[in-house]
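These are my notebook entries on what I looked up in the structure below. I kept them in the order in which I checked things.

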Amino acid sequence: MVTNNNSISSKILNPETKIFPSFSTPQDKFSDSCIENSQEQITLLAAAVHSSHDSIVITTTELDYPGPEIVFVNQAFTRMTGYSSQEVMGKTPRILQGPNTDRKVFQDLKEKLRNGQVFFGEAINYRKDGTEFYNQWHIEPIKNSLGEVTHYLAIQRDVTDKINGEKKLIHDAFHDSLTGLHNRAWFLQALQDSLAKANEYQDYIFGLLFLDLDGFKLINDTLGHSVGDIFLQEVAQRIQNSIRSQDKLARLGGDEFIIIIEDVKDLSIVSEISHNIQTALQQPLMLGSQEIFTSGSIGITLSTMGYETGEEMVRDADLAMYRAKSLGKSRSAIFNKTMHKVAVKRLNLEQDLRKALEKEQFELYYQPIILVNNQSIAGFECLLRWHHPQQGFISPAGFIPLAEEMGLIVEIGQWVLRQACIQSRLWQTLIPNRSLFMNVNLSPRQLKQSNLVHHVDQILQETQCDRHLIKLEITESAILETDDKADIMLNELKELGVKLCIDDFGTGYSSLSRLYKFPIDTLKIDACFIRAIGKHERKEKILKTIVNLAHNLDMEVVAEGVETEAQFVKVKEYKCEYIQGYLFGKPVSSQDIEKSLKGKY
Ligand code: C2E
Ligand code: MG
Ligand code: MG
């Protein structure tokens with residue numbers, strides 16, 4: 001226990017001073033009556049100070065160098081700092097300071113204490129073993145009976161866990177937990193700051209790079225999500241290593257990354273960094289025993305385009321990225337105004353497409369499929385047409401991919417099938433002695449619908465058409481995309497009584513050897529093989545081979561896109577059963593078909 005001429009122990013242990021838990025009691029409550037307290041009470045309070053959970057330090061009052069001397073510390077202080085009471089006695093509390101201690105706090109501390117005020121503060125301190133901790137202090141001057149400040153009493157607390165917890169919360173709010181990069185929330189703020197700077201200083205230009213990995217979905221789907229995660233971490237590292245320290249990188253989510261290229265003095269730096277990233281991504285990556293190849297498509301935009309909001313800038317970089325993707329893998333594209341116009345046009349088209357069904361702007365055209373032997377009509381393929389109120393006729397190539405992306409194709413596809421079934425039934429009653437089949441295209445997206453079989457069945461029942469005349473056309477790539485479930489689905493469709501046809505055969509990556517397990521009735525050879533007749537000897541040989549293989553697998557063959565007599569002669573020679581092409585008829589309206597049918601049957 002400390003004993004000096006200020007009778008410190010008796011004063012601080014005065015119950016009236018309420019040292020714990022706060023110093024709220026005014027100093028003027030000290031009185032001589034304290035000294036008269038019973039020894040029992042003093043012992044009790046001394047024990048309380050000693051065993052207090054918070055560390056307690058009492059010092060003298062010299063604020064200037066070399067600072068106050070420690071005259072008392074309790075056991076909690078020893079636990080917190082590692083210093084025993086004897087080790088610190090007579091020393092200054094500066095022994096707890098070290099290289100990372102923020103000295104600015106002490107200016108405030110001195111000022112407050114000099115004015116007789118209480119000080120609250122916090123700084124990094126060092127234990128005896130040299131480890132850091134966050135120390136929170138509460139220091140109060142202690143006055144004697146004459147009102148003179150004789151000592152300072154400091155209650156200290158190790159708040160390292162609390163501060164680290166707070167730091168982690170702040171870190172997590174602005175970082176991506178998978179890659180450790182900054183996240184979208186952080187990035188949008190950083191972008192807004194950069195934009196504000198660009199709008200203020202004319203010579204400050206920055207670039208924005210929007211990167212999307214090519215084929216990441218495939219990696220995730222085939223190798224699993226945990227491999228996908230490791231892959232993304234590696235990609236993040238590679239991008240980080242390809243940019244300069246002043247550039248800012250964030251992961252927006254999924255396989256999308258975004259980079260602010262800071263202070264662009266010369267535009268070549270933007271393309272250089274973009275090139276560096278692509279080169280880094282192209283290096284093969286070993287995941288276990290698996291070697292993975294990847295690449296990224298990058299969209300670029302610059303602050304010089306006069307953006308007001310970060311969202312606008314991200315949108316344009318994203319548009320440019322889509323442009324880069326459409327150019328092929330591992331490409332980059334810089335945003336320009338034309339892209340913006342294209343995007344606006346697409347947006348308008350999307351809106352119009354949403355209304356096209358209810359506004360009855362769709363119509364089915366029918367193209368005859370001809371039996372090669374006697375050149376009679378064997379059936380039709382129905383092909384969708386859109387009569388746009390302002391733009392007039394829009395071909396399927398102009399809206400089917402869009403409908404596919406928007407998911408609208410499912411609804412449109414059901415309408416097409418219903419119309420085709422109604423039409424088939426009508427022609428069946430019109431020409432009862434002929435069984436003309438009706439080919440209906442199914443989109444890849446429709447094939448992925450788990451309730452497709454149910455919908456088809458419903459439409460067949462509803463329209464009461466002869467289901468054996470309905471032939472569903474599915475592209476080769478659509479089947480392979482659906483892969484493991486494709487054969488179950490196709491078998492279920494077959495069980496409904498409809499026929500199946502592979503469309504555009506030869507354009508995908510498959511081979512007949514992979515397709516043999518699917519219950520396919522007909523194979524439509526893509527028009528590119530027909531166009532090769534008489535022009536590309538090898539391709540023509542492939543055509544001949546495909547026909548033979550299809551026959552071996554009990555499939556009938558349709559040659560698509562026959563335009564000339566010479567092509568017709570050849571496909572006949574190669575023993576294709578059917579042809580479809582402008583030579584025998586373009587797709588026309590149902591009325592036109594009926595007109596031509598009337599004379600024939
Ligand atoms: P597809 O299913 O392969 O249809 C054949 C396309 O080739 C049709 O184009 C047809 O008009 C065209 N064609 C036929 N014979 C010839 C010819 O001799 N020469 C030339 N140059 N072209 C010929 P269309 O009608 O523009 O349809 C294009 C594609 O749009 C279709 O290719 C199909 O993939 C898709 N499509 C059309 N209607 C529908 C539909 O109702 N649903 C879905 N999902 N897709 C459809
Ligand atoms: Mg087709
Ligand atoms: Mg086709």
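I looked up the strand pairing and found 5 strands in an open sheet, in the order 7-8-6-11-12 and with mixed pairing; strands pair if DSSP finds at least two bridges between them, and the strands (E, at least two residues) and helices (H or I, at least four) are DSSP runs numbered from the N terminus. At the edges I find strand 7 (248-253) and strand 12 (332-334), each of which pairs on one side only. Direction ignored, neighbouring strands of this sheet are turned by 20 degrees against each other on average; the axes behind such angles are lines fitted to C-alpha atoms, for helices over the stretch in contact, and angles run from 0 to 180 degrees between N-to-C directions.

This is a predicted model, in which I treat local features only at pLDDT of at least 70 and side-chain atom pairs only at pLDDT 80 or more, while totals for chains, interfaces and linings use all residues. Residues are numbered from 1 along each chain as its sequence is written, chains are lettered from A and ligands numbered from 1 in the order in which they are written, and side-chain values use heavy atoms, with hydrogens and water left out.

Which residues coordinate the magnesium ion (ligand 2)? I list Glu381 (OE), Asn441 (OD1), Glu473 (OE) and Asp503 (OD), at 2.0 to 2.2 Å; donors are N, O and S atoms within 2.8 Å of the metal (3.2 Å for Na, K and Ca), and since water is not among the atoms, sites may look incomplete. Asn441 lies in strand 16 (residues 437-442) and Glu473 in strand 17 (residues 470-475), so the pair ties together parts that are 32 residues apart in sequence. I looked up accessibility as well: Glu473 is buried at 1% relative accessible area, whereas Asn441 is partly exposed at 28%, where buried means under 20%, exposed over 50% and partly exposed in between (1.4 Å probe, protein chains only).

Asp503 bridges the two magnesium ions, ligands 3 and 2, which lie 4.0 Å apart. Asp503 is buried, with 5% relative accessible area, while Asp504 counts as partly exposed at 24%.

I count 21 residues surrounding ligand 1, the closest being Arg385, Asp503, Glu560, Glu563 and Tyr582; a residue qualifies if one of its heavy atoms lies within 4 Å. An oxygen atom of ligand 1 is 2.9 Å from an N or O atom in the side chain of Arg385, and a polar side-chain atom of Asn441 lies 2.9 Å from an oxygen atom of ligand 1.

Conventions
Polar contact = N/O pair within 3.5 Å; in protein donor to acceptor, adjacent residues only side chain to side chain.
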